[in-house]
Amino acid sequence: MKITKMTLGLFAAATVFMVGCTAANQTMSEESIGLRKTDLYSENTTVGDKTVYINKAAGESQVIERAFENAPPMIPHSVDGMIPITINNNSCTGCHTPGVAESLNATPIPKSHFTDFRPETSIAKNGKIAKNGMEVDNTSDLKTSGKALNTLSGTRFNCTLCHAPQSMETAAPANEFQADFRVEGHNKKSNLADNINEGVDTLK
């Protein structure tokens, strides 16, 4: 008996349909589909796992490699007594300000944090956006221009918005991501200020 391609196709489709129906009828407990192993509908008995952070003092710890190119580095030491950070009180700058950091073997604050990337933007009478004196339809089409500052940028003073101490918790799934650093040594330093326009082709 000859089996046509159409017959084989119908048989394959029926098999997939039956397998799909069988899989759809299988059930899984809600507690088994994530890290949380408790009832999803009640918080009464749910307690988060205790998180333990590195307790080494600043100067006693080792630099943690960045997760990817130009990623904000993790804080490798205890932050007890250093937070919260305010505009008038930032303990981080005492050790990480360039010039001081090198003498303490600390990671210096990068050039991007001493740069004002905010453009001068306004709305013209015709409703168009004016950016740095030019009318534009889409502000993302323009390359970013930065103005060097002598002090830490006001957008960068709160370090813990991007940087966090490293948790020593081991219950989380293992991270198998492998970062690819294009320049040797950039797993421990930043060059964001130099290549912030990478991938932006339009310049008006």
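**Salt bridges and their setting**

Guide: The accessible surface of the protein comes to about 15,800 Å², and carbon and sulfur atoms hold 56% of that area. Areas of this kind are computed with the Shrake-Rupley method and a 1.4 Å probe, and for residues only the protein chains shown count as cover. The model is predicted, so local features are given only at pLDDT of at least 70 and side-chain atom pairs only at pLDDT 80 or more, while totals for chains, interfaces and linings use all residues. Residues are numbered from 1 along each chain as its sequence is written, and side-chain values use heavy atoms, with hydrogens and water left out.

The protein has 4 helices and 5 strands, arranged along the sequence as α-α-α-β-β-β-β-β-α. Helices are DSSP runs of H or I with at least four residues, strands are runs of E with at least two, and both are numbered from the N terminus. Of the 204 residues, 15% are buried. Buried stands for under 20% relative accessible area, exposed for over 50%, and partly exposed for values in between (1.4 Å probe, protein chains only). A contact requires heavy atoms within 4.5 Å. Among contacts in the protein with a separation of 6 or more, 61% join residues 24 or more positions apart.

Now the part you asked about. Side chains of opposite charge can pair when their charged atoms come close. A salt bridge here is a side-chain nitrogen of Lys or Arg within 4 Å of a carboxyl oxygen of Asp or Glu. That rule gives 3 salt bridges.

Take the pair of Glu69 and Arg182: their closest N and O atoms are 2.5 Å apart. Glu69 sits in the loop between helix H1 (5–25) and helix H2 (93–96), and Arg182 in the loop between strand S5 (147–148) and helix H4 (192–195). The two residues are 113 residues apart, so this bridge links distant parts of the chain. Arg182 counts as exposed because its relative accessibility is 53%.

Arg182 also forms a salt bridge with Glu198, with 3.0 Å between the closest N and O atoms. Glu198 belongs to the segment after H4 and Arg182 to the loop between S5 and H4, so this bridge ties together parts that are 16 residues apart in sequence. Glu198 and Arg182 are both exposed. Glu69, Arg182 and Glu198 are thus linked in a network of salt bridges.

The pair of Asp194 and Lys111 has an N to O distance of 2.8 Å. Asp194 is in helix H4 and Lys111 in the loop between helix H3 (101–104) and strand S1 (115–116), so the bridge ties together parts that are 83 residues apart in sequence. With a relative accessible area of 59%, Asp194 is exposed.

Lys111 leads on to Thr115. The side chain of Thr115 reaches the backbone oxygen of Lys111 at 2.8 Å. This is a polar contact, that is, a pair of N or O atoms within 3.5 Å; within protein, one must be able to donate a hydrogen and the other to accept it, and residues adjacent in sequence count only if both atoms are side-chain atoms. Thr115 lies in strand S1 and is buried, at 9% relative accessible area. Beyond residues up to four places away in sequence, Thr115 touches Gly146, Lys147, Leu149 and Ser153.

His186 is buried, with 9% relative accessibility. Apart from residues up to four places away in sequence, His186 touches Arg66, Phe181 and Asn191.

Last, the sheet. Strands of a sheet pair through backbone hydrogen bonds, either parallel or antiparallel. Two strands count as paired if DSSP finds at least two bridges between them. S2 and strand S3 (residues 129–131) pair in the antiparallel sense over 3 bridges, and Ile123 has Ile129 in S3 as its bridge partner. Ser122, in strand S2 (residues 121–123), is partly exposed at 40% and, neighbours within four places aside, is in contact with Lys128, Ile129 and Ala130. The order S2-S3-S4 describes an open sheet of 3 strands with antiparallel pairing. S2 and strand S4 (134–136) are at the edges with a single partner strand each, so one side of each has no neighbour in the sheet.
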